[in-house]
Amino acid sequence: MKWLTAVLTFVNLSVISGLFLGMAGRGLNTLTAALALICGAAFAVAAFLGTSDPAGHEKTANPSERKPGNATESKPTPIRSALMRYRRVWFWLMAACFAVFAVRSFCWLFYIDGSDYKIQSPNNLGDLSLHLTLIKTFANGVPLWPDNPIYVGSKLRYPAGIDLFNGLLSLVHVDLITGLTWVGLVA
Amino acid sequence: MNPQPPVTRMRMAARTSSADKSAPAESSPTVVGLRRYLGQWQDALAGTDWVPWAILGLTIFLRFLLLGMKPPHFDEGINGWFVDQVVKNGFYRYDPTNYHGPLHFYVLLLFECLFGRNLWALRLPVVLVSIAGVWMMFKFEPLVGRNVTRIAALAMAISPGFVFYGRYAIHEVWLQLFSTMFILGLLGLWKFGRLNYLWYAGMGLAGMILTKETYAIHVACAILAIPALAVSYALSRVPDAKPAKQTWSWIDLAMVLGVGTAAIVFFYSGTFFNWDGLKGLYLAFKAWTETGAAGHGHEKAWDYWFKMMGPSWETGGENFTAYELPMLAGLILCLFCQKFKNLSLRYLAIYGVGSLVAYSYVKYKTPWCIISFGWPFLFVLGGWVLLVRPKNLRKVHVAIGVLLCLSLVRSIWLNYFRCSSPTEPYAYVQTYNDIFKLSKPLLTLAKRDPAYYHLTGHLIRSSIYPLPWTLGDFDRVGYYEGGNMPANVDGDFLLVQQDKIKDVESKLKGSYYTEMMTLRNYQDPSKIFFSAKVFKEFFPGKAPDFVGTAQNQAPQNQPPQNQAPQTQAPPQTQAPH
């Protein structure tokens, strides 16, 4: 829970800081992007320290809730205790499957094969093009909030927060494909 | 009736707190959390034993320092090329006739995805595994004692071999980690019978199977060491030798086997895309035994490992100070195996000697194997302090200290000053720094402007690795060997084998800067041709060294018209050890 809070806070506050700094400076640059990420990191540390794990609280708050039973009930058999030990096996199995799918999806999200740019899922083709356009738009330092880069004469109305975050990463010289992989795997 | 606040015109003094003076003021959750963390850290630091952390710190420092200074090794280039193929195909196609287990490639893939396609990212996982290997040594403390463990861990942390190959993206470090884990599990099961040791043994075995075919040697030696230990025990009994009662159940065993099997099936089947890969689990042994017996150019004499550990003048005098004196001392101390009152140490000595005999018997020898079988001797070295009487203990400490100091000096000399020297036996088939003559200008240009990734290059020579990986992002590079030649020889850069230089020069039309380079030892030199138009900034004030005989130059930034650049074929040989 603490890590989840910290990571979410880092991404959210980096984006918000980047947005404000970009609006104040009429566009993002390497310095403002780095500042935004540092602000996000500072808030993430605060969130990490200010959050407590509910599981730990329950454990310490209710230590005497277990009702005392007779001797045979309180002393489990080895088989029973082994089964109890692996009671979360389904959770870990699901987590492993999820990890496999996440790695498969995001390590091949967008990659270079010889002279070709490739994506794994054809369904991603249109979406990814738009996201790359938005990331590049933010990273190119256009005044915030920008016009729609693919629809002339209109303001950008797409919820482009995560693209702004990738734009910040691009500005601090994180490779675009690497940045997409990080964000995808973390998300 | 609603209670109302008191109404008064008099200024009232602030109410004093009823709480104790030491009661903390109300703060935000962040401040409270920070205080709690600081308090926890204070308590933890006060009770911390700093020696293991200092050893781990030294381990980390030696392995991370100037990690990219050594040019990529031939095998690193091949491993990197395989990762590129995994990206292209979506899975690793295990071929039992040529290559190693799949785990390393998938880990490299993940790190390249996370940190980019560069040498640092390629080596990072192995560095982490090497650090984990030293950390694993500390886990032997309940079995062999604190001092023995620390001496062994320190010896591993600073060993020239463990540092050198802990900075190489090859399989050997994985095998060392998993074999250590496996032996720790076996000894722990015998001594304590606890579940965690069952997991160590199971995951160690699964990890070895996922890494290299030579796991068979380690498993066989571990098994054969048991009856040998029984004989040793019969000859010289020690107290407290009875196996502990096992506290795990068959469900635990099933779980360990299930996880290990699932991992093996998952990776060997190419993440379920190549089920034929599973056959490689047994087909590998046929190819491997043939390679091991034949040598395939890597044949060495039986005493090769002794020359690696101890002083040797055979290779030009570079190893006269010896690479692994602590390991050699441990090996010598194995002669006094019967004197050990600790059965775990006896087992480690027997297992270590057995592995050394097996690795000496196999003709195919590459120097990095030394870390796979050499680590038990470091425990035996540490066990030296148990062999002597208290009055001699100081002398033994001094002797071990001297050995470790020599090892550290040798390690620094090898890893940071001589890491690609042809006269260092550990730098085996190591690429020379000459490779930077070609790669640095190219990568500098490409970093500045990705359009330079489309430069046309012809690499006309055999045994070109690691260049296919280094230049993997350059999409117009052709590799020509066995007499092949592009239709239009002119390009933005060329690398030409010595015996082809005249032929190529007679066909060139453009102007070029040239440099000679040698990729690695046992290989004839090559000539680099840099197109004067593209690379003139790297040769300031210098006229092109070579001007083609024809007057009409071919366009420089176009791929060959008649022959598309070839993709480098997979290598045919890779060290199986």
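In the predicted model, the domain assignment divides chain B into domain 1, covering 67-281 + 296-417, and domain 2, covering 435-547. The C-alpha centres of these two domains of chain B are separated by 40 Å. Contact between them involves 11 residues of domain 1 of chain B and 10 residues of domain 2 of chain B. On the domain 1 side, the residues that touch domain 2 of chain B comprise 5 nonpolar, 3 polar and 3 charged.

Chain B also meets chain A, in a contact to which chain B contributes 21 residues and chain A contributes 20 residues. On the side of chain B that touches chain A, at least two residues each come from helix H1 (29-46), helix H3 (74-89), helix H4 (103-115) and helix H12 (250-268) of chain B. Sorted by class, this side of chain B holds 11 nonpolar, 6 polar and 4 charged residues.

From H9(A), the contact is made by Thr178(A), Thr181(A) and Trp182(A); from H4(B), the residues involved are Cys113(B), Leu114(B) and Phe115(B). In terms of class, the contact of H9(A) with H4(B) consists of 4 nonpolar and 2 polar residues, with no charged residues.

Note on methods: Residues numbered from 1 in each chain as written. Chains lettered and ligands numbered in written order. Predicted model: local features only at pLDDT ≥ 70, side-chain atom pairs only at ≥ 80, totals over all residues. Contact = placed C-beta atoms within 7 Å. Helix = DSSP H or I, 4+ residues; strand = E, 2+ residues; numbered from the N terminus. Nonpolar A, V, L, I, M, F, W, Y, C, P; charged D, E, K, R; others polar. Domains from an automatic or database assignment.
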